[in-house]
Every structure is written in structure tokens, then in C-alpha cells.
Amino acid sequence: MEMRQGQRRFPIFSVVKVLIAAYLVTMVILLVLAGLLYKLELSEPVVDGGIIAAYVLSCFLGGFLMGKLQKPRKFMWGMIIGLLYYAVLFGVSFCMKQSSAQVTGDVFTSLVLCVASGMLGGMVA
């Protein structure tokens, strides 16, 4: 099967590498946040904000890295990274609860934040 000029395959290995990098950034940020929570006894709203910031920064970085790897349609690749990041996050969260997940506004807010920050990262790349 020949590829025509301008056609590209879906870069699965690049996507996986970028997602791993994004999750490593998330892990570092959440570890720092846990340390701050332990030492400073942060309030719940501050911790929630820190978690959201970790997601946004990680998706932005993922979108930026993917935009650097995939030159055409960088914003689209950033959106894909944000969506995949969120899908894995949601899937793991759903499995960990082991009960019927209640879909709330937080689920959609997190989805929008992940996709939008991934897209912004791709646009900046």
C-alpha cells in the first residue's frame, strides 16, 4: 500500500511518548502538591486547584510537544493529545471507583480544560 505525497500515518509511537511525558509531568506536580498538603495542611479548594493546574500544564506540554513533532495542523494534534490524556485519566478513575460513575459538571469541565490546553499547546508550538 503506497502512501501519496502529503499523506501521513497516525503517529502512534509519537502519541504514546508524548502521553507518557505528560503523565510524568502530572506525577511530579501531584507529588509536589502532596508534599505541600502534608507540610502546610492546604485547604480542599487549594488542592483541587492544584490538581486542575497539573492537568492543564500537562496537557499544554503534551500539545506543545506533539505540535513540535507534527508540523501540519498542530492545534489538532494538541487537541488529540488533550482528549487522549483525559480519556486515560477518566478510564483509570472509572476503574478505581468500581461503581457506577456519576457524570457531573466536573467531568465535562475537566474534559474541556484538557482538550483546550492541549490545543493551546499545539498552537504555541
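Start on the outside: select Phe10, Ile12, Phe13, Val16, Ile20, Leu24, Met27 and Leu31, which together make a nonpolar patch on the surface with about 830 Å² of accessible area. One of these residues, Ile20, sits in helix α1. As you look around, keep in mind that this is a predicted model.

**The whole chain**

Now zoom out and switch to a cartoon view. The chain has 125 residues, and 26% of them count as buried. If you show the surface, its accessible area comes to about 8600 Å², with 70% belonging to carbon and sulfur atoms. Among contacts with a separation of 6 or more, 82% are between residues 24 or more positions apart.

In soluble globular proteins, nonpolar side chains tend to be buried together. To see an example here, select Val15, Leu19, Met66, Ile81, Tyr85 and Cys114. In the largest nonpolar core, which has 13 residues, these six touch the most other members. Next, colour the helices one by one: α1 (12–40), α2 (44–69), α3 (74–97) and α4 (105–124) each contribute at least two residues to this core.

Stay with Val15 for a moment. Which residues does Val15 contact, leaving aside its neighbours within four places in sequence? Show the side chains of Phe10, Met66, Trp77, Ile81 and Leu84, and you have them.

**Along α3**

Select α3 next. This helix has 24 residues and reaches 35 Å from its first C-alpha to its last, close to the 34 Å expected at 1.5 Å a residue. Which of the residues in α3 are buried? They are Trp77, Gly78, Ile81, Gly82, Tyr85 and Tyr86. Notice how the numbers are spaced: an α-helix has 3.6 residues a turn, so residues three or four places apart point the same way. Bring the other helices back into view, and you will see that the cover over the buried residues of α3 includes α1, α2 and α4.

**Two loop residues**

Finish in the loops. Most residues other than glycine have a negative phi, so here are two to check. Glu41, in the loop between α1 and α2, has a positive phi near 50 degrees. Arg73, in the loop between α2 and α3, also has a positive phi, near 55 degrees. Are these residues buried or exposed? Glu41 counts as exposed because its relative accessibility is 69%, over the 50% cut-off. Arg73, at 54% relative accessibility, counts as exposed too.

How values were computed. Residues numbered from 1 in each chain as written. Predicted model: local features only at pLDDT ≥ 70, side-chain atom pairs only at ≥ 80, totals over all residues. Heavy atoms only, no water. Core = buried A, V, L, I, M, F, W, Y, C linked by side-chain atoms within 4.5 Å. Buried < 20%, exposed > 50% of the residue type's maximum accessible area, 1.4 Å probe, protein only. Helix = DSSP H or I, 4+ residues; strand = E, 2+ residues; numbered from the N terminus. Contact = heavy atoms within 4.5 Å. Areas by Shrake-Rupley, 256 points an atom, 1.4 Å probe, with all protein chains shown as cover. Expected span 1.5 Å × (residues − 1). Patch = residues over 30% accessible without salt bridge, like charges linked within 9 Å, V, L, I, M, F, W, Y side chains within 5 Å. Salt bridge = Lys/Arg side-chain N within 4 Å of Asp/Glu carboxyl O.
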